[in-house]
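Welcome! Have the sequence and the 3D view at hand as you read.

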Amino acid sequence: MDNHILIKDLKPDSRVEDIYLLKLIGLRDKKNGGQYLLLKLSDMSGEIMGMMWDKISGVIDKVKPGDFVKVKFRVQVYNNNLQAIVSRIEKVEESDVENAEIFFPSSEIPADKLYEKIVAFAEEKIENKYIKELVMRVYKEPEIKPMLLKAPAAKSLHHAYRGGYLEHVYGLLRLAEKICEIYPFINRDLVYTGILFHDIGKLWELSYQRDFNYTTEGRLLGHIAIEYEFVTDKIKEIPDFPENYKLHLQHIILSHHGELEFGSPKRPKTPEALLVATIDNLDAKMNAMKKAIDTDTPSDHPDWTPFLPMFERVIFKKRP
Ligand SMILES: [Fe+2]
Ligand SMILES: [Fe+2]
């Protein structure tokens with residue numbers, strides 16, 4: 001798989017036959033009758049839309065989103081964007097894919113390194129023994145650790161890649177440490193623990209074996225409700241856990257989306273909760289903006305991103 005052609009390196013008019021991860025596939029009506037297949041291929045470097053105009057009968061029953069597929073296509077430019085004109089597509093079994101890792105984007109720092117940094121940070125900087133016990137119980141639990149290493153921080157909005165959850169948490173811990181220097185009255189233990197648990201419900205809200213999606217639990221409950229229950233249950237396992245810390249921590253979890261319309265049942269009513277909600281928003285948006293600048297996404301001008309729903313605006317891609 002060393003000679004895999006990355007999507008970001010595809011050139012106009014080139015002909016390619018290679019394995020990619022199928023993200024989307026669906027039938028569409030042609031303008032003058034008949035149907036074609038619209039699909040999206042991906043690897044760790046990006047995504048490309050594809051069309052298959054002919055010989056499409058039965059294809060949709062043989063391949064589905066999340067499959068590895070061997071695809072034969074020609075690269076074409078349309079409206080300043082590359083697209084794949086597919087002539088053949090067939091499913092490839094995962095066992096026949098040599099290096100599956102190249103199909104999944106991941107954090108810049110490997111997830112196991114991020115995990116070590118986070119645990120070391122918590123060991124060193126959280127002072128209250130009950131809170132530290134709570135954090136270590138969860139982060140070191142053998143069932144949870146492999147999930148932490150894989151999970152993204154969101155389905156698509158920010159840190160949407162393997163290790164994204166840990167990258168987001170580690171970024172927040174470092175941001176919080178700096179900000180707490182400026183506001184010394186803030187309880188650092190609560191802020192750090194709030195960060196470590198504010199999105200932990202995503203481990204169950206999302207599925208992330210291959211493609212990222214919402215689980216049934218995620219759709220019905222959402223990560224805030226999931227982690228509220230999870231953390232509350234964990235606290236019960238720790239004898240004499242201080243009641244006021246429990247309440248503060250629960251409040252950080254319930255208010256970390258900042259506003260009711262963003263899914264928080266409560267708005268931040270403590271300095272610690274306000275800090276977590278504020279930097280959570282900043283880190284998510286900074287990551288999303290960087291990704292929008294770095295990736296080639298179809299748009300009507302090379303210097304600008306397409307309209308981004310998260311920001312409700314287009315973003316200028318040219319750096320100073
Ligand atoms: Fe969240
Ligand atoms: Fe978050």
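Helices (H or I, at least four residues) and strands (E, at least two) are DSSP runs, numbered from the N terminus. Counted this way, the chain has ten helices and seven strands. This is a predicted model, in which local features need pLDDT of at least 70 and side-chain atom pairs count only at pLDDT 80 or more, while totals for chains, interfaces and linings use all residues. Residues are numbered from 1 along each chain as its sequence is written, and chains are lettered from A and ligands numbered from 1 in the order in which they are written.

Let us begin with the whole chain. Its C-alpha atoms fill a box of roughly 70 × 45 × 35 Å along the principal axes. Of the 320 residues, 31% are buried, where buried means that 20 or more other C-beta atoms, placed from the backbone, lie within 10 Å of the residue's own. Two residues are in contact if their C-beta atoms, placed from the backbone, lie within 7 Å. Among contacts between residues at least 6 apart in sequence, 55% join residues at least 24 apart.

Two strands pair if DSSP finds at least two bridges between them. Five strands close into a barrel in the order β1-β2-β3-β5-β4, with mixed pairing. From one strand to the next, the twist averages 50°, an angle taken between the N-to-C directions of lines fitted to C-alpha atoms, on a scale from 0 to 180 degrees.

| Strands | Direction | Bridges | One facing pair |
|---|---|---|---|
| β1 (residues 15-29) and β4 (residues 68-78) | antiparallel | seven bridges | Val 16 and Phe 73 |
| β3 (residues 46-52) and β5 (residues 81-92) | parallel | three bridges | Met 49 and Gln 83 |

β1 and β2 also form a hairpin with five residues between them, and Gly 33 in the turn has a positive phi of about 95°.

An α-helix has 3.6 residues a turn, so residues three or four places apart point the same way.

Notes. A residue is buried if 20 or more other C-beta atoms lie within 10 Å of its own, exposed if 12 or fewer, and partly exposed in between; C-beta atoms are placed from the backbone.
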